[in-house]
Amino acid sequence: MLRLAGRPLHIIARYMPKGLYPRALVIVIAPVVLLQSVIAYVFMERHWQTVTQRLSSAVSADIAAMIDVYESYPQDADASVLARIAATRLGMDLDIIPDTDLPPPGPRPFFSLLDTALSAELAQQVARPFWLDTVGRSSLIEIRIKLGKNVMRILTRRNSAYASNSHIFLIWMIGTSLILLTIAVLFLRNQIRPILKLADAAEAFGKGRDAEFRPRGAREVRRAGNAFIEMKRRVERAVGERTTMLNGVSHDLRTILTRFKLSLALLERSSEIEALEKDVDEMSRMLEDYLAFARGDAGEAPVETDIRALMEEMKSDAERQGHQTELTVVGDPLVVIRPDAFRRLMTNLVSNAARFGDRIAIRATHDARYLIVMVDDDGPGIAPEQREDVFRPFFRLDEARNVDSGGTGLGLAIARDIARAHGGDIILSDSPLGGLRATVRLPV
């Protein structure tokens, strides 16, 4: 039963707007529209229709009475006295048209409460052939009754048989509703704007950008904004402390490695000394890679960068190494990124492709929401079950490889760390060239 009851709600939720502002508008507008619809229906059903029916009944009774008087007093052959009584007492223009028939029936209005109610009352109270025109004249109603060879023609005011001023109530109701809804929409927009500002600030912070934000709006929104600012400060403070600590560690380690190099330089040259120098150089390179990975290039500010020029540099470097390289850039080449960090990301991906493949294809697509860069190669690729493992620091596919040929195992880890610092990610998949495809997706 609960599942059956929840199905209509699921269908309604599918077509509901997804944004907070349009949903809030629906919450405000829907009850007002529903309430006004119920009030209008009740008014039409209980007041307007009832009053119109009673007025039409009174007009029909007056007409029936005048017909009885006309037939009961034949001495008033031209109905002059009857016409005077109808004009002075009933507010009707009455005359007798001798030796004529009723006009052919005209087209009935598509929707006319007066035509329906008055026709029903005339048929019931007069019980004679009649012709009715409720639309030919704006303020008058023309009624013709067949009386033997003659026709009685009656002109009466529309408001005598029809509640003509009822539309004022509907106009007043709709007008006040529109005014109140306009005021509600303006206030609602002012309440939603601080939430949108908070969302924009959080999104910019997630992309590694610094956006100005001051808490405004309702107390709850201000509380959420202050919590975001405090969280942002804590994250920046933690990153700053980590960077400071790493700078100190790197300085101490570089000092020790420099002493090693000086000590080795003062010793006599031999194969053992050369091996030790290679180890020291490798330790220096690993140290720099590790510090770059731990630091994450968080201090660089995002700026508008021409990715086409950056990709051209990647292509030229790969071609100088003897690799056939293709480059395609689709969309606006100007993107707001951290240029040095993004260059390091692309350098790591293109270097991996060049290390294991001969052909490289780079494709960058910039649309309204994302910057997507795909790097394809024709190398051996990576097994699907190992594609997440290669992003772990110091992980190598072939543990038996030496450090000189296999690297430090930090290239992809640094690349993903830079991508996530931009609010995006890197995904590995099969390449159309037969090797590996690395897809970088960054929000813009």
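These legends go with several close-up views of one predicted protein model.

**Figure 1. The whole chain gives us our bearings.** In this predicted model, local features need pLDDT of at least 70 and side-chain atom pairs count only at pLDDT 80 or more, while totals for chains, interfaces and linings use all residues. Residues are numbered from 1 along each chain as its sequence is written, and side-chain values use heavy atoms, with hydrogens and water left out. The protein has 11 helices and 11 strands; these are DSSP runs numbered from the N terminus, with helices being H or I of at least four residues and strands E of at least two. Of its 444 residues, 36% count as buried (buried means under 20% relative accessible area, exposed over 50%, partly exposed in between, with a 1.4 Å probe and protein chains only).

**Figure 2. The largest nonpolar core gathers around F342 and its partners.** A nonpolar core is a set of buried Ala, Val, Leu, Ile, Met, Phe, Trp, Tyr and Cys residues joined through side-chain atoms within 4.5 Å. The largest one here has 39 residues, and F342, L345, M346 and V373 have the most contacts inside it. Helix α9 (residues 339-356) provides the largest share of this core, 8 residues. Apart from it lies another core, of 24 residues, including I63, Y70, L94 and I145. Which residues does F342 touch, not counting those up to four places away in sequence? They are L310, M311, I337, L371, V373, I418 and L442 (contact means heavy atoms within 4.5 Å). In soluble globular proteins, nonpolar side chains tend to be buried together.

Figure 3. Helix α6 covers residues 219-266 and includes L257. L257 counts as buried because its relative accessibility is 7%. Leaving aside neighbours within four places in sequence, L257 is in contact with V280, M283, S284 and L287. The C-alpha atoms of L257 and M283 are separated by 8.2 Å, although the two residues are 26 apart along the chain.

Figure 4. The structure holds 1 cavity of 30 Å³ or more, and about 50 Å³ of space lies in the largest cavity. On a 1 Å grid over the protein atoms alone, a cavity is a set of points where a 1.4 Å probe fits but cannot get out, and lining residues have an atom within 4 Å of a point. Grid points are joined across faces, edges and corners, and a volume is the space filled by probe spheres set on the points. Of the 10 lining residues, R209, V336, I337, H422 and P443 lie nearest the centre. Strands β7 (334-337) and β11 (436-443) each give two or more residues to the lining, and β7 gives the most, with 3 residues.

Figure 5. D99 lies in the loop between β1 (92-97) and α4 (113-125), with phi near 45°, a positive value in a residue other than glycine. Is D99 buried or exposed? D99 counts as exposed because its relative accessibility is 64%. A127 is in the loop between α4 and β2 (130-133), and its phi is near 55°. A127 is exposed too, with a relative accessible area of 59%.

How values were computed: On a 1 Å grid over the protein atoms alone, a cavity is a set of points where a 1.4 Å probe fits but cannot get out, and a pocket is an open set with protein on both sides within 12 Å along at least five of seven lines; lining residues have an atom within 4 Å of a point.
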